[in-house]
Amino acid sequence: MTFPFDALAACRAELEAEAAVNDARAAFPTAGLDRLRHLGVLASALPRTLGGLGFGVEAHGAAGLLHMLRLVGQGSLALGRVVEGHVNAIRLVALYGTPEQLAHVGREVHAGALYGLWVTDGAAPLRMDQTARGVTLHGGKAFASGARHVTRALVTARAGQDGTGQEVTRMLLVAMGEGRAIHDAGAGLSGMRGAGTGQCDLTGMTVLPSALVGQAGDYLRQPEFSAGAWRGMAVALGGIERLTALLRGQLAARGRAGSPAQQARIGMALIATETALLWTRRAALVASGQDRLEAGDIAATVNLARIAVERAGLEVIELVERGLGLSAFVRDNVVERIIRDLATYLRQPAPDETLCEAAAWFTPRDMPQPDIRP
């Protein structure tokens with residue numbers, strides 16, 4: 001079984017059109033998600049043994065996942081964020097869950113389920129208590145993508161302290177649906193308004209102990225905690241590629257692409273786009289384990305890639321705004337929304353800390369290099 005990449009690429013205009021319509025009212029891309037589900041995007045993240053393609057959970061699937069995510073990002077960054085969360089949740093269950101849990105995930109996904117990964121705490125951090133009835137939750141999650149549309153979410157919850165007094169965190173799967181207290185947050189965001197972002201209050205919810213995934217501290221375990229960022233880079237890469245294509249196309253349509261200044265901007269945008277692609281591909285290869293590197297090398301390489309892709313994206317945004325002028329700020333120009341979505345998507349946590357940690361790791365040692373010998 002192979003993935004229909006050509007069909008996914010062909011529906012870019014369809015995804016982009018829905019994103020444009022949904023932006024003003026911060027509506028979720030329901031039609032786009034259904035289209036992706038029909039193409040097998042959601043099921044592709046499952047292991048081959050469970051009817052998937054191994055994208056995201058098997059080393060050989062990294063290249064396919066990168067290409068799939070960038071294509072989704074070219075059409076809709078908001079939809080790409082939802083798909084990324086789905087893939088991330090499945091990967092964490094595959095890494096740390098039991099075979100029975102993963103098999104259950106597979107059955108649900110083949111039945112149409114959308115998974116989410118929600119780790120940002122709300123005003124009241126999510127906590128869990130072991131009771132006679134099971135695991136009771138208190139608090140909630142903020143910036144939860146697809147909050148009203150996710151079938152089951154993998155969440156992190158504080159589970160008390162370990163022997164050294166440090167707070168420990170557990171992962172667990174919670175079913176979403178009627179009766180969950182969800183407050184929309186997308187309308188307040190300037191970008192990524194179509195990702196269905198919300199705040200979810202899980203207070204009083206009780207789940208069975210079988211909903212717990214892995215052991216305490218697994219979510220923050222390296223190198224996976226840092227390495228997983230490459231999948232977000234792949235979605236952002238799609239947005240960067242789309243902006244660069246729009247810069248070229250709109251300048252050509254106005255008869256301005258031949259100007260030396262504009263040609264310089266196009267050239268710099270192409271360089272930045274290729275830089276993002278090369279770093280994302282390198283991060284995907286390193287994170288997949290194909291190079292058999294130690295954990296520190298993997299985490300630090302992906303962290304450097306994260307910063308490189310961020311810088312490339314911000315550079316392309318500036319070049320597009322300067323190249324197109326005020327038209328890049330007009331609401332009915334697709335560029336205006338993509339810039340807002342990409343700028344929001346690139347706002348990942350702790351960029352300075354990420355850069356400094358990676359630099360500190362590679363200060364006394366060389367970065368791992370790909371084998372390019374003839």
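The radius of gyration here is taken over C-alpha atoms, and the globule rule to hold it against is 2.2 Å times the number of residues to the power 0.38. For 374 residues that rule puts a compact globule near 21 Å, and the protein chain has 21 Å, so the two agree. Before going further, a word on the model: it is predicted, local features need pLDDT of at least 70, side-chain atom pairs count only at pLDDT 80 or more, and totals for chains, interfaces and linings use all residues. Residues are numbered from 1 along each chain as its sequence is written, and side-chain values use heavy atoms, with hydrogens and water left out.

Let's start with the overall picture. Along its principal axes, the C-alpha trace spans about 70 × 50 × 40 Å. The chain carries twelve helices and ten strands; these are DSSP runs numbered from the N terminus, with helices being H or I of at least four residues and strands being E of at least two. Of the 374 residues, 53% are buried, where buried means under 20% relative accessible area, exposed means over 50%, and partly exposed is in between (1.4 Å probe, protein chains only). A contact means heavy atoms within 4.5 Å. Among contacts with a separation of 6 or more, 72% are between residues 24 or more positions apart.

Now for the cysteines. A search of the whole structure turns up zero disulfides, a disulfide being a pair of cysteine sulfur atoms within 2.5 Å. C11 counts as buried because its relative accessibility is 1%, whereas C356, at 53%, counts as exposed. C200 sits in strand 8 and is buried too, at 2% relative accessibility. Setting aside neighbours within four places in sequence, C200 is in contact with W118, G139, G140, K141, M176, A181 and I182. C200 and A157 are 43 residues apart in sequence, and their C-alpha atoms are 13 Å apart in space.

Another strand residue to look at is R158, in strand 5 (residues 152–161). R158 is partly exposed, with a relative accessible area of 28%. Not counting residues up to four places away in sequence, R158 touches D121, P125, L126, R127, M128, E167 and V168. From R158 to G217 is 59 residues along the chain, with 9.9 Å between their C-alpha atoms.

Moving on to the backbone, most residues other than glycine have a negative phi, and most peptide bonds are trans. What joins Q222 and P223? It is a cis peptide bond, with omega about 10 degrees. P223 is placed in the loop between strand 10 (212–213) and helix 7. Two non-glycine residues with positive phi also deserve a look. A26 has phi near 50 degrees and lies in the loop between helix 2 (12–23) and helix 3 (30–39). M192 has phi near 55 degrees and lies in the loop between strand 7 (181–184) and strand 8 (198–201). At 5% relative accessibility, M192 counts as buried.

E224 is in helix 7 (residues 224–227). Is E224 buried or exposed? Its relative accessibility is 13%, so E224 counts as buried. Beyond the residues up to four places away in sequence, E224 touches R91, L92, L95, Y96 and R231. In helix 8 (residues 229–253) we find A236, which is buried at 2% relative accessibility. Leaving out neighbours within four places in sequence, A236 is in contact with L77, V309, L342, Y345 and L346. F329 is 93 residues from A236 in sequence, and the C-alpha to C-alpha distance between them is 20 Å.
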